[in-house]
Amino acid sequence: MSVYLDYAATTPLRKEVFDCYVEHLQTLGNPSSVHSSGQLVRQALEEARESLAKSVDCNRSEVIFTAGGTESVNLAIKGLFWQRVGEDSKRKVIISAATEHHASLDPMEWLEKHDGAEILWLPVDRDGVIDLDFLEDYLQEHHENVAFVNLMWANNETGVITDINRVTAMTKPCGIPVHSDSIATFGHIPISFSSSGLSAMSVSAHKIGGPVGAGALIVSRSTKLVSIIHGGGQERGMRSGTMNAPVAKAFAVAAELAVSELAEEHLRLEALRDKLVQGVKNITPLAHHTAAKSPRMPHNAHFTFDGCSGDSLLFLLDQQGVCVSVGSACQAGVNGPSHVLLAMGRTEREANGCIRMTLGKQSTEADVDAFLSALPKALDGALRAGLTT
Amino acid sequence: MKVLAAMSGGVDSAVAAARAVEAGHEVVGVHLALSRMPGTLRTGSRGCCTIEDSMDAQRAANVIGIPYYVWDFSERFKLEVVDDFINEYQAGRTPNPCMRCNERIKFAALLEKGLALGFDAVCTGHYASILTDDEGNLELHRSMALAKDQSYVLGVLTAEQLNHSMFPLGHTASKDLIRAEAAERGLSVAAKPDSYDICFIPEGDTQDWLADRLGNTTGEIVDMQGTVLGEHKGAHGFTVGQRKGLQLGKPAADGKPRYVLAVDVNTNKVVVGPQQALAVVELVGNKFTWCGKAQENPEEFFAAHVQVRAHGEQVACQVAVVDGAMVIRCDEPIYGVAPGQTAVIYLGTRVLAQTTIDHTVSAVDSFSTASASIGSSLDGDV
């Protein structure tokens, strides 16, 4: 039985979610059909929408179901850009940060390459904190060129939280929409879409005990965006395609559970995480806790290790049955240096020598203890292998 | 033994890993990521570093039932292989990047890392055999499948590296047998085409790739006496021994075809001449290594065979170490050899030594080269 410390990658499907999912998979009907079979499935879908709306604190009509986080982020970024440029051709600047997930970076860079977008990368300090003063100054001078602001709520690798309310307070006077990738935050810390001032927010089910292939983009009622998928006009015309009621239902159940347990889990996981961090520090002076002083997620512990490569550590921990991550999983399972750490001004060596442990609902003290007892052997081997790559 | 199986995503390394498992070893599959920007799909038969290749390797590892990881060697590969390749061409030499990769990545960086992580050996799908002599010394030999023999590109291995290497395909008589075995094992790479080109040149056009990095400067095409015969659009477009594409307009006085004899990077001149001027009778390499046990009394000339390209013919020769350099006197001339190429010395089927050629002595008087050749010795795979 392996020790799983990679909840930021994905989480176990919860029993309640599984039961609900399987039950609804057996119901016949297309939610767009007018007959009673269709209406029954539509009812389940709308229940899910209402429930998820409650969990993220938004209006039910603001929930656009998608097939996952990456799709949600793509819809927000491309949809907002095309909408804004369509309204005013000089609004080509997307403001973001290089610490974003690839689900954000790649569509933005695609728009830059193919569609005339200009990206303003906000400065990020060594502790992963985005320079919002810079944003404020920039908006005062150049807001008329800005299409939208795109900043994740919390970073998936380092767990550093960005003050989204401060961002929207700056953009509100100039009417600039803000999208936030909230995939690493939703269900872990309190989120209220309605009071966030956001125009759009991406969430995903499998990070909180739901199934893979379930996501949503929360789009405020006053926000317009161009669809990237055209067809039957489902989901306010923003996401055509037969709506997946069983998946939506499963997502809603997972969200409801996560949010209802949030306060308690937050404290529990934070304590476990602190134990893990202290344990690592006790084992070796070569470990540096990333962004220790920054506002950050309760279930995330990210370290860089002097003289080790992350993939050696990962391999040696895996050999002992402990699953950790070296950051975001990249194409083909290739773990290059973390782009997040590089964006934080860290050296390539630091960016190659990091591992991330993330905890979740099923994490226990025993998991942390198992990790801490596996770490010395892994460190020993990783140090011998050095930075051979 | 704990064995690290280097898996490229091709059929050979997959079968090699499977055989290592069957031999009772504890095997972990590892795919070397050699580029930070891997292509998504192969084009044609090319490459061993695309995402598709990595997925193929992973799928093979799953079928064999071994753990699988991808390790990033891209930085080291760029420094040790790609930059070396460019620098060598820039210096007017003809490098063999597959040899450099074996020398500096697979049996150096990967092996060192593997040993540090608790492994005993690196296993690859190379067609070559490791045998033990009467005294217990390890020897590298040609593969039983002579048509696929890859002992040439492994000539850089030292005794210590041989001690930690495993080539389970060396005793198989043909690649067809390997493919059949892969199919029998349910490996979907059984019918995957071989890779023939340089893995880091995705379009397969070495000249264009080099021109992008080194630039193209128009220069003169001259004969052996220095008479200007025409103009070229960039030296990288020429290979020693090349006959076609010279576009010289008028034929030679004797009416016989002309060949590229050398490319002088200092003067940016391409030298052409008759075929007999390509003939080389002596090769000298200042740096050499013994593959396994060294030759006794190497200062005295001894009979051996030399091979100068991956799938080239071997030629009988006399070899000795003279003033610290390896001198190879060919019994009969060999054609189109460029400095930078590797000469591998064989005793029967055994690989004895290798040296990078620094200069050649022509069979034709006054046409020996000390540098100045641009071409490609790459006619084979890794």
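Guide: A crossing counts as right-handed if the near helix is turned clockwise from the far one by less than a right angle, and as left-handed if anticlockwise. Keep in mind that this is a predicted model.

Start with the pair in chain B. Helix α3(B) spans residues 74–90, and helix α4(B) spans residues 97–116. Their axes come within 9 Å. They cross at roughly 160 degrees. Angles over 145 count as roughly antiparallel, so α3(B) is roughly antiparallel to α4(B). The crossing of α3(B) past α4(B) is right-handed.

Now the residues at the contact. From α3(B) come Arg76(B), Phe77(B), Glu80(B), Val81(B), Asp84(B) and Phe85(B). They meet Pro97(B), Arg100(B), Cys101(B), Arg104(B), Ile105(B) and Ala109(B) of α4(B). By class, that contact holds seven nonpolar and five charged residues, with no polar ones.

Stay in chain B for a strand pair. Strand β1(B), residues 2–6, pairs with β2(B) in the parallel sense, over five bridges. One bridge joins Ala6(B) to Val30(B) of β2(B). Strand β2(B) covers residues 26–33 and is mostly covered, with seven of its eight residues buried.

Gly215(A) sits in strand β8(A), residues 215–219. Gly215(A) counts as buried because it has 26 C-beta neighbours inside 10 Å; the cut-off for buried is 20 or more. Take Gly68(A): 147 residues separate it from Gly215(A) in sequence, yet the two C-alpha atoms are 3.8 Å apart.

Asp6(A) lies in the loop between β1 (3–4) and α1 (15–25) of chain A. Asp6(A) has 19 C-beta neighbours inside 10 Å, so it counts as partly exposed. Beyond its sequence neighbours up to four places away, Asp6(A) touches Cys323(A), Val324(A), Ser325(A) and Thr358(A). Ser55(A) is 49 residues from Asp6(A) along the chain, and their C-alpha atoms are separated by 24 Å.

The α3(B)–α4(B) pair is roughly antiparallel, and its crossing is right-handed.

Methods:
Residues numbered from 1 in each chain as written. Chains lettered and ligands numbered in written order. Predicted model: local features only at pLDDT ≥ 70, side-chain atom pairs only at ≥ 80, totals over all residues. Axes fitted to C-alpha atoms, helices over the stretch in contact; angles between N-to-C directions. Helix = DSSP H or I, 4+ residues; strand = E, 2+ residues; numbered from the N terminus. Parallel < 35°, antiparallel > 145°, perpendicular 65-115°, else oblique. Contact = placed C-beta atoms within 7 Å. Nonpolar A, V, L, I, M, F, W, Y, C, P; charged D, E, K, R; others polar. Buried ≥ 20, exposed ≤ 12 C-beta atoms within 10 Å, placed from the backbone. Pairing = 2+ DSSP bridges.
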